[in-house]
Amino acid sequence: MGLISLIVASPAHAAFDPISTEPTAPYAQPVDANVPKRGCAVTLSDPKNAAAGIPAVQVIYAWHEENGNNYAAYVDRIAKIVDRMDWLLDESTNYDQHINLGCRTGYNTSTYSGYAQALVIPEKIEAGVIGGETAADVVAADLAAAGYDDANRKYVVFEDFDGTSQAYCGAVCVAAADEWDSGTAMHELVHLNDVDHAKVSEVPDTLAVNDLMTSQYNDWQMDQEFNNYYDPSETSATFYTSNYPDTRLRNVAAWSFFTTPTCCDVGYSNDLLTAQERTIEAEAPYGYPSAFTPSGGGWMQVTPPGTDAQVSARYYDGRRSLTMNVQSHAEGLVSVTRKPSVTAGQRYKFFARLTTGTSGNVKLRLSWYNSSNTLLSSTDGPLNALTSSWQEYAVSALAPTGATSVQLSVVSPSGQTFAYLLDSLQLNHCNNGKTTDGCRLAG
Ligand SMILES: [Zn+2]
């Protein structure tokens, strides 16, 4: 921001500061100079005529008389926030995925300020409220009237006035923000894919912590468990995005306004299981859970239906769980049948959520196999006394020499008779390089 920008900033602007704080969890974002420049996926001479070409996100700087037009002062900052939105999408997982950004011709995009001006289009909101809040529907109506009304575009609107951070679809779909940070703007953009706030998979009406779609002011990462609304590893998989009786199924990774996700790079989270192994949610109640195998003391079933409020029994958000009915005569195991591939010497972490209506003890186990499918060794986590609330447990270890695959099991020591519920499994390859063991944090 140069001297001219500083002069443009007016006293009215000083009274309204839209710049908000960037989220910093699960780890700090790069400094501005190191945020990758996303660049333009599509460039048009007339961005109001956007029907041709790929779907894209159009960035708007919205202003009205109250604070005036501070486009020159803010355009670089807005572009940097948009680059951070792209960074957080890419960095949430080990998949490479980006936002398709729409730009206009007439600017030298090899310079950052030229790119910013090509990316960010100023628009005056004529019906903006002086001395009060301008609602998102007023902004959407203004954009539509101005010609920004193409179904091939989603509009991310940076409001330089007392507006509202809200996703709104009327004449046109806008992800509006009057608090400018990448977490807020991306949160609203993801809402435009009809995704609700992130729910804990097993607990009715309970929001997940540590997620962009719950706490965007602190957290920039999207769906670290790959089971709520974002799974780039299996874009045909969909997840219930809200509580029962809402039955919307979504996977933002398949959204046409983003690039197709490709594996693999280094990001915060990853997962080596299939959606079915992670969630059991495709199964009918009382059924036999596919992709799982019991052995020893116990038998399994898809958790029978219950009331809406009963955890994971009906739709808490639509997800079924697996019930293991533990018998006392022997150690009981329920295992993921398939053995995902591993690389010897690298670290892996198995997560699962477990609960019981009574009481009992279980542990998580990683069983390592070689290329002849011979068991080499196993690693047990601590013995956990289960509680009546869904808690996440984890075990982490280095794959031993010679290991090429791993089997995941939940193990109940012999001598117990009780039932527990299992859901939200995940197998991380601990290679993010940003957390202490290279894996996502337990949540
Ligand atoms: Zn929201």
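Let's start with F158, which is buried, with a relative accessible area of 0%. Buried here means under 20% relative accessible area, exposed means over 50%, and partly exposed is in between, using a 1.4 Å probe and protein chains only. Before I go on, a word on the source: this is a predicted model, where local features need pLDDT of at least 70, side-chain atom pairs count only at pLDDT 80 or more, and totals for chains, interfaces and linings use all residues. Residues are numbered from 1 along each chain as its sequence is written, and side-chain values use heavy atoms, with hydrogens and water left out.

Now, the aromatic rings. How many aromatic pairs does a search of the whole structure find? The search gives 14 of them. To count as a pair, rings of Phe, Tyr and Trp (its six-membered ring) need centres within 6.5 Å; planes under 30 degrees apart are stacked, over 60 edge-to-face, and the rest tilted.

Our friend F158 pairs with W180: the ring centres are 5.6 Å apart and the planes are at 90 degrees, so this pair is edge-to-face. The two residues come from distant parts of the chain, 22 residues apart, with F158 in strand β6 (residues 153-159) and W180 in the loop between β8 (173-177) and α6 (182-191). A quick note on those labels: helices (H or I, at least four residues) and strands (E, at least two) are DSSP runs, numbered from the N terminus. Is W180 buried or exposed? W180 is buried, with a relative accessible area of 0%. Another pair is W255 with F257, which is tilted, at 5.2 Å centre to centre and 55 degrees between the planes. W255 counts as buried at 8% relative accessibility, and F257 counts as buried at 5%. Going back to F158 and W180, ring pairs link them with Y61, Y71 and Y74 into a cluster.

Rings can also have a charge over them. That label applies if NZ of Lys or CZ of Arg is within 6 Å of the ring centre and within 35 degrees of the ring normal. Have a look at K80, which lies over the face of Y112, at 4.5 Å from the ring centre.

Next, the helices. Two packed helices are described by the angle between their axes and the distance between the axes. The axes are lines fitted to C-alpha atoms, for helices over the stretch in contact, and angles run from 0 to 180 degrees between N-to-C directions. Helix α3 (residues 71-91) packs with α6 at an angle of about 65 degrees, and their axes are 9 Å apart. These two are therefore roughly perpendicular to each other; under 35 degrees would be roughly parallel, over 145 roughly antiparallel, 65 to 115 is roughly perpendicular, and the rest is oblique. Which residues meet here? From α3 we have I81, R84, M85, L88 and L89, and from α6 we have S182, G183, A185, M186 and L189. Contact means heavy atoms within 4.5 Å.

Helix α3 also crosses helix α4 (residues 112-119): the axes come within 9 Å and cross at roughly 90 degrees. So α3 and α4 are roughly perpendicular to each other too. K80 and Y112 turn up again in this contact, where the residues of α3 include Y71, K80 and D83, and those of α4 include Y112, Y115 and L119.

Then there is helix α5 (residues 136-146), where A136, V139, A140, D142, L143 and A144 are buried. Their cover includes β2 (56-63), β5 (120-124), β6, β7 (166-169) and β8. After α5 comes G147, with a positive phi near 105 degrees.

Let's finish with some backbone details. The peptide bond from A25 to P26 is cis, with omega near 10 degrees, and P26 is in the loop between α2 (11-15) and β1 (42-44). C263 and C264 are also joined by a cis peptide bond, with omega about 0 degrees.

In the loop between α6 and β9 (239-240) you will find N210. N210 is not a glycine, although its phi is positive, about 60 degrees. F226 lies in the loop between α6 and β9 as well, and its phi is near 55 degrees, a positive value in a residue other than glycine. N210 is partly exposed, with a relative accessible area of 28%, whereas F226 is buried, at 0%.
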